[in-house]
Number of protein chains: 2
Amino acid sequence: FNNKLLNMPHSSFLTFMLLLIQLSVASGGKILVFPLDGSHWVNMKVIVEELHARGHEITVLRPSDSWYIKEKSPLYTSVTLPCRGGFEENFGVYLSRQLEIRLQIKPGSFWSNIWAHMQMRWVLLDQFFQFHKKVGDVITHMFENEDLMQSLEAAKYDLVLTDPGIGGGAMLARKLQLPLVFNVRWTIQGEAHFLIAPSPLSYIPFTATELTDKMTFPQRLKNVLSYFVGMFILSYMSEPAYKPIVNRFFGPDVDYSTFFLDADIWLMRNDFVFEFPRPTVPNVVYMGGFQCKPSKSLPADLEEFVQSSGDHGIVVMTLGTLVSNLPQDVSEEIAAAFAQLPQKVIWRYVGQKPNNLGNNTLLVKWLPQNNLLGHPKTRVFITHGGTNGVQEAIYHGVPVIGLPLFYDQPDNLSRVKVKGAAVIVDIAMLDRHIFKDALMTVIYNSTFGDNMRTLSKLHRDQPVKPLDQAVFWIEYVIRHKGARHLQTRAHKMSWFVYNSVDVFTALLAAVLLVTIILIAVVRFLWRKIFTGRKMKQQ
Amino acid sequence: FNNKLLNMPHSSFLTFMLLLIQLSVASGGKILVFPLDGSHWVNMKVIVEELHARGHEITVLRPSDSWYIKEKSPLYTSVTLPCRGGFEENFGVYLSRQLEIRLQIKPGSFWSNIWAHMQMRWVLLDQFFQFHKKVGDVITHMFENEDLMQSLEAAKYDLVLTDPGIGGGAMLARKLQLPLVFNVRWTIQGEAHFLIAPSPLSYIPFTATELTDKMTFPQRLKNVLSYFVGMFILSYMSEPAYKPIVNRFFGPDVDYSTFFLDADIWLMRNDFVFEFPRPTVPNVVYMGGFQCKPSKSLPADLEEFVQSSGDHGIVVMTLGTLVSNLPQDVSEEIAAAFAQLPQKVIWRYVGQKPNNLGNNTLLVKWLPQNNLLGHPKTRVFITHGGTNGVQEAIYHGVPVIGLPLFYDQPDNLSRVKVKGAAVIVDIAMLDRHIFKDALMTVIYNSTFGDNMRTLSKLHRDQPVKPLDQAVFWIEYVIRHKGARHLQTRAHKMSWFVYNSVDVFTALLAAVLLVTIILIAVVRFLWRKIFTGRKMKQQ
């Protein structure tokens, strides 16, 4: 308390305190956030901002080498967990290596690129393994720090909000016996639905297959095989990192995957305008596009550049925050294609300026993506296919040219492509002709724009806005101290019982037994009659 | 137009007409309703009222002998379909017979009551079969009436709203190529989820089993067997009634069950405060308790009676509109138990007045159920367990004593019982002592009331009110001319493909082939070595 406050007349001070108490009772919850760094934090921050605006008190646990999560913020109090650091540099190294391999994968069958695919898997596996090991260290430090754990317990939070792309938040919630809410699209076991909802592999494409919900027999075969390979790889990279921690802090009999099934509510960064319709469960809340918002006006110079495009309109290109520069030859092909367009182009580009850059192309180090996508002059959005970018293109109804690189990008873009709102260009095959063709198609064939505007209309037509939906369910968990009544019992069953293997085995055994008895009786009677006849004949 | 309107100045008249046109364009859709009669219409009418209030134009198709659906209404235009009539009387006969059998079923195992259970099934089967045959006649008349069909087509409705407890609405929607919205809990194939969402029998109790989502091995066995028996019976009673119609008007290759899978949106009279959490699909919208509303004040004399109960409060009993009178001996046992209470009792009762009626008990021919349930003096609600009554008890937080008779009543009540908010009394075993015990337990053990109030809080805590939710999705279908993008592809697949039987067979065959080849190679090598040695030895 500052002096002014202490010098207040007694009654005013009391009123002030009562008001404070009332406020904290009426609207304020205490929320402990264990986020995942990088682009995942960009999403989490949107929710943190909204929760802060509604009067909740937020504590964020961050690693000491955090990339995006600032120590000081007006939105939250942070607690820094020590870790070895170097994540950002490591990530950069992995990323360059992945891009290098990606450029070797030519279109065509899986088998013709098997070596590159295997290398890609290997790098990914190594990257994820290193990443989860680092996260594991952070979690171990957290649980070992008894003072910290005691203070977290004493703070009496209402819930833990976390991203299950890492296991720390879910473990912390169980340790502190707090309700658990996920901001999720991926758990460390893969796409979140596969952990929680029935996912028939006959029409639910597995992660990174680029398949749709309409599959031929070979595609369904591929999907089933991908599922088993994927599950094996995912367990290989997450189990060694988390199992020792779980054994140490929760006991040897606890399966680390059960922590994820504790969640009261899964706020899913997804919806069925973007995703194929599929089975779901009652504690999943869809909030796809929750970060989207109406565009604001552009800075004067950018607006002038946009307006100079006249009726031709503009092209917006960015490959996200991760891939800032492409190989020089690829960039030059892209620049050459752009130079042939009547449109103006705004290109987020950090590397060496392409030699053949057209007068119509503006290179920028950063661009106001949302305000450009919402601009009426924008004709097409060229993106690597990150979830945020694709969701924002849907929100603003701007058709897409996709240059997918890795992770979930090919899957994200194939979902928009199959709805007729995107053209995908293979970056390994990209030249000025292919790229210009793609541009001309999306800009001048109106069906792409029409389809994307239809998706936009559907996406915007919801009874509750996605972000309000998300905050409603977080506050719901605070109000009711959890939402366990929305969890299905499937989690608590072995696959054996869940699939009624025992029941069907028993029924089959009963049918067999009855059949055997029947056969025995028939044979017995047959022999009786037969022997009788034989005796008569003799 | 009345004279006043015709005498208006020209410009005013034009403005008025423009306003009318604008209004009808802005908010008015044209909705064709094919309802199911009886208690289902009570529900449908709530939605029709709301749609009417929001400016939609509604046409209701009703059978000429309709029980509840009036020909003239300010809410809708009706089209009457000819039918033989006599439904109400028939229904009464079936009902008495069912009640008679029900009173013979004593608590205990299924097997000790096997004869009564079989009789009950038989009566139910016969009743449903007769009912569907009658509905079938109505549908045939409708499709045969070319003038009617042409006028329905010419009217250019925006959608068909129907109850899939009968097949007419879904068939009509396909015939007229209109979007289809269900107001549903049951289709003619049973509980609606079983037709549309994955329903693992290991934790999803089948209809009329009174099981929960937590089952022992014998219970799971019972559930699986009940499912197969139930599906057989349901197909037996609906297929003969609908198959000939489908063959005649849609062609011989069309399966009648596919009509139900056409639905764009399933407005489900259910939610997960009442129902066990289970898998669902994106085009199911839960609107359980959509008919519930705050209570209004009681008529003066009833309010006076209620107030005269003092702190003891009141007991409200009704067995719904179908069962108006119980056997005299059962009524007298109930009356005797009531007479011993310090509470006042309001009992909806139509039969002969019990001899031993207490001074504290008021018999009424009709009671304002919602206003009584919402009254702060109400301590317990005695109900047969119809969906509406149970939902209203949840809404108002009033604990329940259930006297389930048949249909979905036992299941409805077992769901509230397992949540600790109801006591179920077997009507075949009911005497004054058992009934009084139940009353004392629910009135004086506060956990029942507490649990029901918790359910009430959860039920009322939704981002959108159930009825608004329902209307939103109906208008959504109007705005977007359907919602096919929310239908999963599961409907379009055979069970064979859906369950990946072909893929797993192929994989198994591949594994077998590899194994056989391996064995052959090993045997070949073994023989080579073995023969070689033998030769050496010789």
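Visitor: Why do Arg415(A) and Glu275(A) form a salt bridge?

Guide: A salt bridge needs a side-chain nitrogen of Lys or Arg within 4 Å of a carboxyl oxygen of Asp or Glu. The closest N and O atoms of Arg415(A) and Glu275(A) are 2.7 Å apart, so the pair meets that rule. Before we go on: this is a predicted model, where local features need pLDDT of at least 70, side-chain atom pairs count only at pLDDT 80 or more, and totals for chains, interfaces and linings use all residues. Residues are numbered from 1 along each chain as its sequence is written, chains are lettered from A and ligands numbered from 1 in the order in which they are written, and side-chain values use heavy atoms, with hydrogens and water left out.

Visitor: What makes Arg415(A) count as buried?

Guide: Buried means under 20% relative accessible area, exposed means over 50%, and partly exposed is in between (1.4 Å probe, protein chains only). Arg415(A) has 5% relative accessibility, so it is buried.

Visitor: Arg54(B) and Asp468(B) meet in which kind of link?

Guide: They meet in a salt bridge, with N to O at 2.9 Å. The pair links distant parts of the chain: Arg54(B) is in the loop between α3 (39-53) and β2 (57-63) of chain B, while Asp468(B) is in helix α18 (residues 466-480) of chain B, 414 residues apart. Here helices (H or I, at least four residues) and strands (E, at least two) are DSSP runs, numbered from the N terminus.

Visitor: What does the pair of Arg484(A) and Asp264(A) tie together?

Guide: Arg484(A) forms a salt bridge with Asp264(A), with the closest N and O atoms 3.6 Å apart. Arg484(A) lies in the loop between α18 (466-480) and α19 (495-498) of chain A, and Asp264(A) in the loop between α10 (258-261) and β8 (265-268), so the pair ties together parts that are 220 residues apart in sequence. Asp264(A) is buried, at 2% relative accessible area. Over all chains, the count comes to 30 salt bridges.

Visitor: Why is helix α14 of chain B largely enclosed by the rest of the structure?

Guide: Nine of the 10 residues of α14(B) (residues 387-396) are buried, so the helix is largely enclosed. Those buried residues pack against α13 (369-373), β13 (378-383), β14 (400-402), α15 (409-418) and α17 (446-460) of chain B. Just after α14(B), Gly397(B) takes a positive phi of about 70°.

Visitor: What makes the aromatic pair of Tyr227(A) and Phe228(A) edge-to-face?

Guide: Rings of Phe, Tyr and Trp (its six-membered ring) pair if their centres lie within 6.5 Å; planes under 30 degrees apart count as stacked, over 60 as edge-to-face and the rest as tilted. The count comes to 46 aromatic pairs over all chains. Tyr227(A) and Phe228(A) lie 5.4 Å centre to centre with 75° between the planes, so they are an edge-to-face pair.

Visitor: How do you know that the charged end of Lys175(A) sits over the ring of Phe143(A)?

Guide: For that, NZ of Lys or CZ of Arg must be within 6 Å of the ring centre and within 35 degrees of the ring normal. The charged end of Lys175(A) is 5.8 Å from the ring centre of Phe143(A) and sits over that ring. Ring pairs also link Phe143(A), Phe249(A), Phe250(A) and Phe259(A) into a cluster.

Visitor: Which rotation superposes chain A on chain B?

Guide: A rotation of 180° with 0.0 Å of shift along its axis does it, at an RMSD of 0.1 Å. That is the relation of a two-fold axis.

Visitor: Why do the copies meet through the same surface?

Guide: Contact means heavy atoms within 4.5 Å. By that rule 47 residues from chain A and 47 residues from chain B take part. Of the interface residues of chain A, 100% are also interface residues in chain B, so the copies meet through the same surface. Between the chains there are four salt bridges; in one of these, Arg220(A) and Asp502(B) meet at 2.5 Å, N to O.

Terms used
Copies are superposed by least squares on the C-alpha atoms of residues with pLDDT of at least 70 in both.
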